[in-house]
Amino acid sequence: MLKIKNNSKVNLSDIPVLKIGELRDEIIKENKRPIGFFGKDWGEGRIRLFVILEDAPELLVSSAIFEADEKSYECITNEIPSFHIYEREFYEQFGIEPLHHPWLKPVRLNQDKYEFFEMKGEEVHQVAVGPIHAGVIEPGHFRFMCNGETVYHLEIMLGYQHRGVEDLMVKNPSNQLAESICGDSVIAYNTAYSQMMENLKNIQVSNKAQLIRKVCLEMERAAIHIGDLGAIAGDIAYLMGASVFGATRTLVINTMLEFCGSRFGRGMVTVGGVNYDLSDEKIERALKTFDKVEKDVERMTNTMLKNSTVMSRLEKTGTVSEERAKEAGLVGMAGRACGIDVDSRFDFPDKWNEELGIRKKAFKASGDVNSRFKLRYKEIRESFSIIRKCLAKLADYKNDPLITNGEDMAKDAFVVSIVEGWRGEIVHIAMTDNDGKLSRYKIKDPSFNNWYGLALAVRNNGVSDFPLCNKSHNLSYCGNDL
Amino acid sequence: MFDTLKSRIYQGKQFIKDIQNAPMRDQFRGFPILKEGAEVCDENICPTGALKTNPLTIDMGKCTFCGACERACNAIEFTNGYKLASTDREKLVVTPQSDYENYVKSAVEVKKEIVKTFGHSLKLRQVSAAGCNGCEMELNACSNVNFDMGRYGIDFVASPRHADGIVITGPISKNMAYALENCYHSVPDPKLVILCGACSISGGVFQNSTELNREFLEKYPIDLYIPGCPVHPLTFINGILSYIRK
């Protein structure tokens, strides 16, 4: 397998081409976490399958070509379970069947053909929810198989948000489209897209722009995490927490509005750098706001965690064991809350980690809602620490340009760009053809891996605890459906 | 218990007292102004085709308020005017003659029967039809302690049976078309349909997608258009208020 670095460009011709049997053997031998597993139309009815595995701080890439008459292969899921969703997606997009896949169900299309698991017996019943849910949230269908009040298994059928983003990205890529793929991770998605284009156009982004992006990315993380602490409080009917965290989040996103004119950071990041500079006055005001935010979050979190009625709802609810989480291939925050050590900010570090002394801090995970609650609190504090370091460093690069221009896009290139959004790793993969145009754009949201984790979390919990399990994961529908 | 009380006292009152005249930060990109010389701007800079130079217009129904045209061309300026809602799709098209004050006065056509039926209480069912969760988050924010939309009797409810209308966000994917129509029919008459955000009004950045099915919008009358990407809570609340209040 070819070793490549995150956020760098390689020639398509450097990527090995194997027979699918060989590729499968190699994947099983490596036994690493998949980051990409997707096809590309290779002309004359052939399909080329690309595989990217994590081997921090590097990535392993390889590929195989299916001839026009090869329409199946022996699935990998039975050997390495975390491939289950990737193989389903590959089957849906290119019609090549992974044989003996344990549940080869639709991912985004043909929902009317979705066959739910069935359970029979006394006191067994099903609860169907969605696609339209009770709250103001995105659509998805949940099917609970219950034994009395207890959930035996949950099946999640998604695809309602499918807008064909990958095709649109190939035809007409833009920062505005990248921002709208998943509107709660605007900065993360747009940064991943911009890094991709910068690699293809050979642009070296200025230090100043890099730091501003980092500040915004961490602000996005902090803001959403604070909002989620409030949402978890709301779901256990601790309304005080919901109100206070809600109001505190407003302070962070309004600071974002001052930075770039949008509460969610739209318009900030662009290919080549950032659109808006941070004046000293803005930075000073922001730092004051962050002081207050940190204080308020700490105060409210401690008040909540001291409250026994709160703790009795958070502890041991929606538990996913580390072993199961690893099997399912959970990533990002949901994975870290189960004890999986995965964070692309540290797995694929940029130069700033060393320069600013940003270090990974340990977290004692228990896999339940409590763990996800406390992890958020920890990450909020870390984010503000990173923001302060970046803002202080920004003074050194006053004269750097905001935007750097580049050349035409490279021909026959392959780029992987990973950004740690607040949910976890956001992976953008692009390929160009021999005219220097995009020929394939692949996006992987952390939710793509993590939805199955939610299904595991609600097992053996009361059906009434579902909202709490769901909100503590807060996964993306549109990021999954694309 | 005492900690909770202390936190409560410390937080004090958070709500914005006067939503209809709430100040907005200058950086907010709201109502656009087209000044002399904007004809020479490159309309291809607009990712959604909202900017047209012959004749010169910006269609707020398509605009994502990304500011790309403003950064490229000095003759276009986004003001912080946030009252953008309109009852008429045509009125969302801003021309060089438009100005914010006149727009606010004339954009929403107030009807007696609407004010009489929904003026005191309006319960809405939101349908996210392939939205990116941006508008959804802002609509949730409408009910938080800062904006507190509930004080005007406007609320989001869980069941369409309890609702007086639906709020649609997102460009309406094929996969959501059936559920959306089903939801619409479940709302008892008389009912409102409100389009929220650039995606639902025009398809926004997704307008060229082959995975959309926007037939619903041709079949049923639309009562209110609320532009934005995403829609700011103040835009949403003021848009609704101007439609259901005298």
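User: Why is A:R313 called partly exposed, rather than buried or exposed?

Analyst: In this predicted model, A:R313 has a relative accessible area of 27%. Buried means under 20% and exposed means over 50%, so a value of 27% puts A:R313 in between, as partly exposed.

User: What makes the contact between A:R313 and A:D465 a salt bridge?

Analyst: The N to O distance between the two side chains is 2.7 Å. The cut-off is a Lys or Arg side-chain nitrogen within 4 Å of an Asp or Glu carboxyl oxygen, so the pair A:R313 and A:D465 qualifies. In general, side chains of opposite charge can pair when their charged atoms come close.

User: How do you know that A:R313 and A:D465 link distant parts of the chain?

Analyst: They are 152 residues apart. A:R313 sits in helix α9 (residues 308-314) of chain A, while A:D465 is in the loop between α15 (446-458) and α16 (466-473).

User: Is A:D465 called buried or exposed, and why?

Analyst: Buried: its relative accessible area is 15%, and the limit for buried is under 20%.

User: What makes α16(A) largely enclosed by the rest of the structure?

Analyst: Six of its eight residues are buried, so the helix is largely enclosed. The buried ones are A:F466, A:L468, A:C469, A:N470, A:S472 and A:H473. Just after α16(A), A:N474 has a positive phi of about 45 degrees.

User: Why is the pair A:K3 and A:E58 called a salt bridge?

Analyst: The closest N and O atoms of A:K3 and A:E58 are 3.7 Å apart. That is within the 4 Å limit, so the pair counts. A:E58 is partly exposed, at 23% relative accessibility.

User: What makes the salt bridge of B:E181 and B:K219 a tie between parts of chain B?

Analyst: The closest N and O atoms of B:E181 and B:K219 are 2.9 Å apart, which is within 4 Å. B:E181 is in helix α6 (residues 174-186) and B:K219 in helix α8 (residues 215-219) of chain B, so the bridge ties together parts that are 38 residues apart in sequence. B:K219 has 49% relative accessibility and counts as partly exposed, since exposed requires over 50%.

User: How many salt bridges are there over all chains, and which residues are linked in a network?

Analyst: A search of the whole structure finds 44. The network links A:E218, A:R221, A:R336, A:D343, A:R345, A:E379 and A:E420.

User: Why is B:T87 called buried?

Analyst: B:T87 has 16% relative accessibility and counts as buried, the limit being under 20%. It lies in the loop between β4 (76-78) and β5 (93-94) of chain B. The C-alpha atoms of B:T87 and B:L224 are separated by 4.5 Å, although the residues are 137 apart along the chain.

User: How do you know that chain A is as compact as a globular protein of its length?

Analyst: Chain A has 17 helices and 16 strands. Its radius of gyration is 22 Å, close to the 23 Å that the globule rule gives for 482 residues, so it is as compact as a globular protein of that length. Of those 482 residues, 63% count as buried.

How values were computed: Residues numbered from 1 in each chain as written. Chains lettered and ligands numbered in written order. Predicted model: local features only at pLDDT ≥ 70, side-chain atom pairs only at ≥ 80, totals over all residues. Heavy atoms only, no water. Helix = DSSP H or I, 4+ residues; strand = E, 2+ residues; numbered from the N terminus. Rg over C-alpha atoms; globule rule 2.2 N^0.38 Å. Buried < 20%, exposed > 50% of the residue type's maximum accessible area, 1.4 Å probe, protein only.
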